[in-house]
Amino acid sequence: MSLQTLSEWLRCPNCFLPLAPTGALRLGCGTGHSFDVNKRGFINLLTGPPKFIGDSAAMLDARDSFLAAGWYEPLQAAIRVVISPEHPRRILDVGCGTGYYLREALPLGEDVRALGMDLSPTAVSRTIRSHDRIDGLVADVWSPLPVQDAAVDVILNVFAPRNAAEFHRVLRPGGLLLVVVPRPTHLRELRRAGLAVEIQADKAAHLEVSLAAWFALESAQHLEETVALSVAEVASLIGMGPSSHHAAPTGPEPVPASVQDVTIAFDIFGFRRRATDPR
């Protein structure tokens, strides 16, 4: 990361003018708004209290632990296969987490860069540490994104919220939005045991409807597998996702030894940016 590469992605969250380096660890715009860059190499451009809470360090630790075992490598590979033919030079990962999917999707080439965006500063810090061609941004997806118009070739959105109008604005004409959502069967054994939150039954259909004005569905792929996990891996799987937000103050429920065969299932969608802006 350098101030220059970071600034090339960004616009001022207040006046929407481009940001540029103005000091050793500062970016600013032409109207005088100025922002500190964290010494770890990312910038926080939140303009007010967010509507939701970002992932905690404990959630990210659980995610690192679970993903290191390789259970989601098929999803990681499928994402790479969808993105590779795009030959992107700029990838934006909205809801980057630990950077697990982004660093594998990033093509070779010193001129190819990515921006990891998340509501959690801890998550962004881990993402930029994972690859030297990833810049970092703390921002709220539900606010106007502090990303310049048409600055992005591909948006990666894995288990994260979506802002269709803003995604359309920051994507170049013809750019790709890749979205991953859980299938209704995802973690069904854990839900039956009361260890995981419910999943919206019509999530895929709702996704397509919510994006239809801005994006055209171009591809769909389904991954589903039942895997045999250890009790510790089940605990990490629960702790790394939204179910952890609903744990009791005394901590999550112990994982029964009988709940170890777990279904992991995903829908992977490729949406092409429509030429027209419906607003």
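Val 158 has a bridge partner in β9, and that partner is Val 180. Strands and helices here are DSSP runs numbered from the N terminus: strands are E runs of at least two residues, and helices are H or I runs of at least four. This is a predicted model, where local features need pLDDT of at least 70, side-chain atom pairs count only at pLDDT 80 or more, and totals for chains, interfaces and linings use all residues. Residues are numbered from 1 along each chain as its sequence is written, and side-chain values use heavy atoms, with hydrogens and water left out.

Which way do β8 and β9 run? Strand β8, residues 152-158, and strand β9, residues 171-182, run parallel, and six bridges join them. Two strands count as paired if DSSP finds at least two bridges between them. In general, strands of a sheet pair through backbone hydrogen bonds, either parallel or antiparallel.

Now the whole sheet. Eight strands form an open sheet, in the order β4-β7-β6-β5-β8-β9-β11-β10. The pairing is mixed. At the edges sit β4 (42-44) and β10 (215-228), each pairing on one side only. From one strand to the next, the twist averages 15 degrees. Angles run from 0 to 180 degrees between N-to-C directions; axes are lines fitted to C-alpha atoms, for helices over the stretch in contact.

A helix packs on this sheet: α3, residues 73-83. Helix α3 touches β5 (90-94), β8, β9, β10 and β11 (261-273). Contact means heavy atoms within 4.5 Å. The direction of α3 makes about 160 degrees with that of β9.

Next, the other sheet. Three strands form an open sheet in the order β1-β2-β3, with antiparallel pairing. Its edge strands are β1 (20-23) and β3 (34-36), and each pairs on one side only. Here the twist averages 40 degrees from one strand to the next. Strand β2, residues 26-28, pairs with β3 over three bridges. Gly 28 stands opposite Ser 34 in β3.

Last, two helices. How do α2 and α9 cross? The axes of α2 (residues 57-68) and α9 (residues 231-239) come within 8 Å and cross at roughly 135 degrees. So α2 is oblique to α9. Under 35 degrees counts as roughly parallel, over 145 as roughly antiparallel, 65 to 115 as roughly perpendicular, and the rest as oblique.

Which residues meet there? Met 59, Ala 62, Ser 65 and Phe 66 in α2 meet Glu 233, Ser 236, Leu 237 and Gly 239 in α9.
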